Amino acid sequence: MTTTVYARVESPLGELLLVGEVPAPDGTDTAEGVRLRSLSVPGQKGGVAVQDGWRHAPEAFTDVARQLEAYFAGRSTRFDVPVAEGLGTEFQRRVWAVLESIPYGSTVSYGEVAAQLGASGAGVRAVGTAIGRNPLLVVRPCHRVIGADGALRGYAGGLERKKLLLGIEGGAGRSEP
């Protein structure tokens, strides 16, 4: 059994909403610390909102907040954050695993992600949908996926935020032609 906790953290993207799971106080869950379930930005398409019964617990996210601060300051290129299990479908988890393998400062196209999964044609659209449902913006770097023509496309947090993240990482921060 777990308890859902949340915190808000300031960032260059606006106020981030962090949502996680922690072991229930009865001790039946042996997991230690918070497991991140969602990281949302203001106005995000498909973003979460605080629900009744969730506990405000900024102390549970101290390490996540520290890692985000280091990333935004350009002092860190990766995240080491425990993630809640059981999120997404099997296909989404496969797509998200590819996202996690994209190196800092690099970009790949939606078609390249699909090819890594053995999908083609209509599979590229399914990959785009799975990327759009990534609940862990920034931490799971869906911002590193761009159009085949190099244009910024499809970021649930908005293209300006995608451009900002790519700029932090030293990417070209390309815009629509």
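Reply: In the hairpin formed by strand 1 and strand 2, six residues lie between the strands, and G14 takes a positive phi near 110 degrees. Helices and strands here are DSSP runs numbered from the N terminus (helices H or I, at least four residues; strands E, at least two). The model is predicted: local features need pLDDT of at least 70 and side-chain atom pairs count only at pLDDT 80 or more, while totals for chains, interfaces and linings use all residues. Residues are numbered from 1 along each chain as its sequence is written, and side-chain values use heavy atoms, with hydrogens and water left out.

Strand 1 and strand 2 run antiparallel and are joined by eight bridges; two strands pair if DSSP finds at least two bridges between them. Within this pairing, A7 stands opposite L18, and L17 of strand 2 is the bridge partner of R8. Strand 1 also pairs with strand 4 (residues 55-56), here in parallel and through two bridges, where V5 has R55 as its partner. Strand 2 in turn is joined to strand 3 by five bridges, again running antiparallel, and L18 stands opposite L39 there.

Strand 2 is largely enclosed by the rest of the structure, because seven of its eight residues are buried. Buried means under 20% relative accessible area, exposed over 50%, and partly exposed in between (1.4 Å probe, protein chains only).

A nonpolar core is a set of buried Ala, Val, Leu, Ile, Met, Phe, Trp, Tyr and Cys residues joined through side-chain atoms within 4.5 Å. The largest one has 42 residues, of which L68 and V138 touch the most other members. Strand 1 (2-9), strand 2 (16-23) and strand 3 (35-40) are among the elements that give two or more residues to this core, and so is helix 1 (62-72). Leaving out residues up to four places away in sequence, L68 touches L16, L18, L39, F79, V138 and V139; contact means heavy atoms within 4.5 Å.

Helix 1 has V64, Q67, L68, A70, Y71 and F72 as its buried residues. These pack against strand 2, strand 3 and helix 5 (159-168). Just after helix 1, G74 takes a positive phi of about 80 degrees.

Q67, in helix 1, counts as buried because its relative accessible area is 8%. Its side chain makes a polar contact with the side chain of D63 at 2.8 Å. A polar contact is a pair of N or O atoms within 3.5 Å; within protein, one must be able to donate a hydrogen and the other to accept it, and residues adjacent in sequence count only if both atoms are side-chain atoms. Neighbours within four places in sequence aside, Q67 is in contact with R78, F79, D80 and V81.

On confidence, the protein averages a pLDDT (the predictor's confidence in each residue, from 0 to 100) of 90, and 91% of the residues score at least 70. Over residues 27-31 the pLDDT is below 50, and beyond near neighbours in sequence this stretch has six contacts in the model. Where pLDDT is low, the predicted coordinates should not be read in detail.
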